Amino acid sequence: MYRLLAIDLDGTLLSPQKLITPRTYNALTQAVRHGMKLVIATGQTLNVLRAVCKDLPLNAPQIIYNGAIITDIATGTTLYEQLVPQECILPTLALLREVGLYRAYHTHQHVYVDQNTPGAHAWYRPPTPPALEVPDVAQIYPQPCIKLVGIGDTSTLRAKRHELEQLLTDQLYVTQASRDLLEFLHPAVSKGSALKWLAHRLEIAPEEIVAFGDHHNDIGMLQFAGLGIAMGNAHDEVKAAADYVTLRNSEDGIAVALENLVFPYLPDY
C-alpha cells in the first residue's frame, strides 16, 4: 500500500506553462482523500511553493531548497536544516569563477548574484524577492548560506557538473537542478536524504512511497522511494534511475501514473 507522494515541482508537477493542470490536481486530491501524504520536494523557496501550490491539500511537511530545509507548510516552522559549511563557501565561489560560471549565494533573506548574471531574474521569480546583483557574491560571506548556485551555458554545464563533483567530493553535494543551474549544498543534503528523514518522522517505509521527478536533483528520492517515476521529459540519466517512466509534464504524466500504478492499490478506492 502506498502512503506518501513526493513530487518535484518544476518540470514535473508544473506544466510548461508553470501550472498544475486540472487532471493532475484532481488526481492529487483523490490521493490525499484516500489517505496519502502529499510532499512537494523542490529546489525553490517556501514562498514559491506556497504560491504555486496554494490550492493543493498539502498535509505533511514540505522539502525545499533541494532538501536543505524541511518545513511545516502551515506555520513556516523549520523542522530540519543543513546549511553550507562555512569553510566551504569561499573556496567554492572561487572554484565556480575559475570554471567560468556565474554565481548565486542564497541566504534566508535574499538571493545575491554576480552582476550581469544571465537569466537570474527569470529563475528567482515572484513571490521570491528579485535577486540582488553585487560586484562579487563572495562579499556576502560570512552570512549563513543555504546553497550556492553556478549558472552557465546549457551545452557545457553537464560536463562541468561532473568535473565539480570530482573536485568537491565529500565536501559538498553537487547537483544539477535544471539545464543551466548547478547547486552546491551541505554534503548531507539531497532530496533523497530529506525524504528519508521525513519518512522516518512520519513512520512511513520506503516501499510505501511514490516519488516523481525529472532532473538530476531528483534521482536520490526516486531511488529511495519504493516506486520512483521519471517524467517523459526527464533527462536520460533520470529515466535510467527510475522504476517507471510516465508521460511528459505537458501530458499529465503524474495523473496518468497515479491512475494506473497507485490508485488500484489504495484501500477502498
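In the predicted model, Ser178 belongs to strand 10, which spans residues 173-178. With a relative accessible area of 7%, Ser178 is buried, because this value falls under the 20% limit that separates buried from partly exposed residues. The side chain of Ser178 takes part in a polar contact of 3.0 Å with the side chain of Asp180.

For Tyr65, phi is about 50°, and for Asn66 it is about 55°. Tyr65 is placed in the loop that runs from strand 3 (62-64) to strand 4 (69-71), and Asn66 lies in the loop between strand 3 and strand 4 as well. The relative accessibility of Tyr65 is 8%, so Tyr65 counts as buried. Asn66 is also buried, with a relative accessible area of 0%. When neighbours within four places in sequence are left aside, the contacts of Asn66 are Thr42, Gly43, Thr175, Ala177, Glu183, Leu185, Val189, Ser190, Lys191 and Asn217. Gln171 is 105 residues from Asn66 along the chain, and the C-alpha atoms of the two are separated by 17 Å.

Helix 3 and strand 4 each contribute at least two residues to the lining of the second largest pocket. By residue class, this lining holds 10 polar and 7 nonpolar residues, with no charged residue.

A cis peptide bond is present from Tyr141 to Pro142, with omega near 15°. Pro142 is found in a loop, with strand 8 (132-134) on one side and strand 9 (147-151) on the other.

The largest nonpolar core comprises 40 residues, and Leu5 and Phe212 have the most contacts inside it. At least two residues of this core come from each of strand 1 (4-7), helix 1 (9-13), helix 2 (22-33), strand 2 (37-40), helix 3 (46-52), strand 12 (209-213), strand 13 (227-230) and helix 10 (253-262). Helix 10 supplies the largest share of this core, at 5 residues. Apart from neighbours within four places in sequence, Leu5 is in contact with Leu28, Ala31, Met36, Lys37, Leu38, Val39, Val210, Phe212 and Leu258. A second core of 24 residues is separate, and includes Ala60, Ile63, Leu195 and Ala234.

Helix 10 is largely enclosed by the rest of the structure, because 7 of its 10 residues are buried. The buried residues of helix 10 are Gly253, Ile254, Ala255, Val256, Ala257, Leu258 and Val262. Among the elements that cover these buried residues are strand 1, helix 1, helix 2, strand 12 and strand 13. Leu258, one of the buried residues of helix 10, is also among the contacts of Leu5.

The structure holds 1 cavity of 30 Å³ or more, and about 40 Å³ of space lies in the largest cavity. Its lining is formed by Thr12, Leu13, Leu14, Ser15, Leu19, Thr21, Thr24, Met231, Asn249, Asp252, Gly253 and Ile254. Helix 1 and helix 10 each provide at least two residues of the largest cavity's lining. The lining of the largest cavity divides into 6 polar, 5 nonpolar and 1 charged residue. Gly253 and Ile254, which line the largest cavity, are also listed with the buried residues of helix 10.

Key. Residues numbered from 1 in each chain as written. Predicted model: local features only at pLDDT ≥ 70, side-chain atom pairs only at ≥ 80, totals over all residues. Heavy atoms only, no water. Core = buried A, V, L, I, M, F, W, Y, C linked by side-chain atoms within 4.5 Å. Buried < 20%, exposed > 50% of the residue type's maximum accessible area, 1.4 Å probe, protein only. Helix = DSSP H or I, 4+ residues; strand = E, 2+ residues; numbered from the N terminus. Contact = heavy atoms within 4.5 Å. Nonpolar A, V, L, I, M, F, W, Y, C, P; charged D, E, K, R; others polar. Polar contact = N/O pair within 3.5 Å; in protein donor to acceptor, adjacent residues only side chain to side chain. 1 Å grid on protein atoms, 1.4 Å probe; cavity = no way out; pocket = protein on both sides within 12 Å on 5 of 7 lines; lining within 4 Å. Points joined across faces, edges and corners; volume = space filled by probe spheres on them.
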